[in-house]
Amino acid sequence: MEEELPPLQSDLPSPNPASSIDATLQKKHQAMLDRLSNRHQSRQKTATTSTTIDSTASFLSTFTESKRSIESQLNNSPNTPDPTLLKSHLANISSSISSLEKLVAESSYFLPSYELRSSLKCIENLKQALENLNSQLLPKKKFSFKNKSTSKPNPGNSNTNPIPPNPSHIPQSIRDSPGIRNKENQTLSKNFKNFKEIGEFTLSDLDSCEVRLIGCINALFVNRLRNCRVYTGPVIGSILLEEVENCVFVLASHQIRIHYAKNCDFYLRVRSRPIIEDCGGVRFAPYCLRYVGIEEDLTKAGLEEEKENWGNVDDFKWLRAVKSPNWSVLEESERIGCVEIEDSGSTEAEMEIEGV
């Protein structure tokens with residue numbers, strides 16, 4: 001029997017050189033792709049930073065020019081005793097300040113915190129300067145930006161002013177504007193759709209009330225509310241809230257500032273970062289209001305798109321790197337869900353009776 005010889009070396013399976021080369025090339029190709037990807041991301045990051053810097057520079061240029069123009073108007077008032085001319089001059093300055101405030105609101109999503117604070121502080125100074133000028137030119141009648149208590153003492157009724165003002169803080173935001181004031185345990189509805197234009201509207205000194213505002217207004221001021229629920233359609237300009245406690249607010253606006261709020265929930269749609277100062281226990285969630293025609297109103301106000309800014313809150317009294325403990329995101333399990341309100345059908349005559 002012939003002995004079986006082992007296979008020759010040439011008969012054994014040999015490694016595939018082409019396969020080794022393919023693997024090497026594949027590794028080199030992947031490494032090249034990784035380098036290109038990292039380079040692209042680096043360029044994108046640089047471009048984004050450059051765009052932000054350019055946007056901030058453009059804003060500062062426009063803001064500075066507008067500020068100088070307003071200061072020039074403040075320093076060059078007409079030398080005339082005619083109250084009509086003086087009122088027109090003051091109204092023009094007020095309009096310019098409002099436009100500047102809107103510019104800040106629309107730009108605040110990309111502005112550094114320092115620039116945003118400085119701009120808002122500058123606007124407050126301009127408002128105060130306008131108030132001082134108004135007191136000089138028209139001392140018998142305030143024009144705007146004034147301190148005014150809307151509550152009248154009534155010795156026979158201790159509930160006339162359900163929320164007494166804080167003596168250490170006299171609010172600047174109570175304007176001489178239409179609004180709802182001094183109510184308790186009521187459901188209050190207003191429909192602005194039948195009006196040509198509603199400028200500033202005020203909610204003040206309300207206790208345990210539900211407020212429903214349908215349609216667009218230019219600005220909303222909220223002061224001294226307790227245990228209330230407030231549902232509003234879109235506000236074209238800004239919303240300012242002061243001294244509110246244990247309330248629920250459903251609001252949409254370009255800019256929202258909240259001062260001295262305690263234990264309140266805010267459901268917001270806002271173009272810029274919400275700003276809080278001297279607040280505690282405030283929680284935030286997305287806007288959840290519905291009524292017939294609200295989409296049209298949101299479009300009119302430039303708020304048709306949800307920017308997710310409701311949870312990007314700026315606490316101006318918290319300057320540390322860690323998140324402020326004064327606010328939080330409202331857990332989904334604790335949110336009120338979609339709120340639907342109906343057209344109240346308020347007529348112009350009804351509104352005039354109540355000071356509108």
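**Figure 1. The whole chain, shown as a predicted model.** The secondary structure consists of 5 helices and 14 strands. The chain has 356 residues, of which 40% count as buried. Among contacts between residues at least 6 apart in sequence, 51% join residues at least 24 apart. The mean pLDDT is 77, and 71% of the residues reach 70 or more.

**Figure 2. Lysine 87 in helix H2.** Helix H2 covers residues 83–107, and lysine 87 has its place there. The relative accessibility of lysine 87 is 41%, so this residue counts as partly exposed. Leucine 137 is 50 residues away from lysine 87 in sequence. In space, the two residues are 9.0 Å apart, C-alpha to C-alpha.

**Figure 3. Serine 119 in helix H3.** Helix H3 spans residues 113–137 and contains serine 119. Serine 119 counts as buried because its relative accessibility is 3%, and buried means under 20%. Leaving aside residues up to four places away in sequence, serine 119 touches Phe59, Phe63 and Val104.

**Figure 4. Strands E2 and E4, which run parallel.** Strand E2 is made of residues 187–191 and strand E4 of residues 210–214. The two strands are joined by 5 bridges.

**Figure 5. Strands E4 and E6, paired in the parallel sense.** Strand E6 comprises residues 229–245, and its pairing with E4 runs over 4 bridges. Arginine 212 stands opposite tyrosine 231, a residue of E6. A general point applies to views of strands: in a regular strand the side chains alternate between the two faces of the sheet.

**Figure 6. Two segments where pLDDT stays under 50.** One segment is residues 141–174, for which the model has 72 contacts beyond four places in sequence. The other segment is residues 345–354, with 15 contacts beyond four places in sequence in the model. Where pLDDT is low, the predicted coordinates should not be read in detail.

Conventions: Residues numbered from 1 in each chain as written. Predicted model: local features only at pLDDT ≥ 70, side-chain atom pairs only at ≥ 80, totals over all residues. Heavy atoms only, no water. Buried < 20%, exposed > 50% of the residue type's maximum accessible area, 1.4 Å probe, protein only. Contact = heavy atoms within 4.5 Å. pLDDT = per-residue confidence, 0-100. Pairing = 2+ DSSP bridges.
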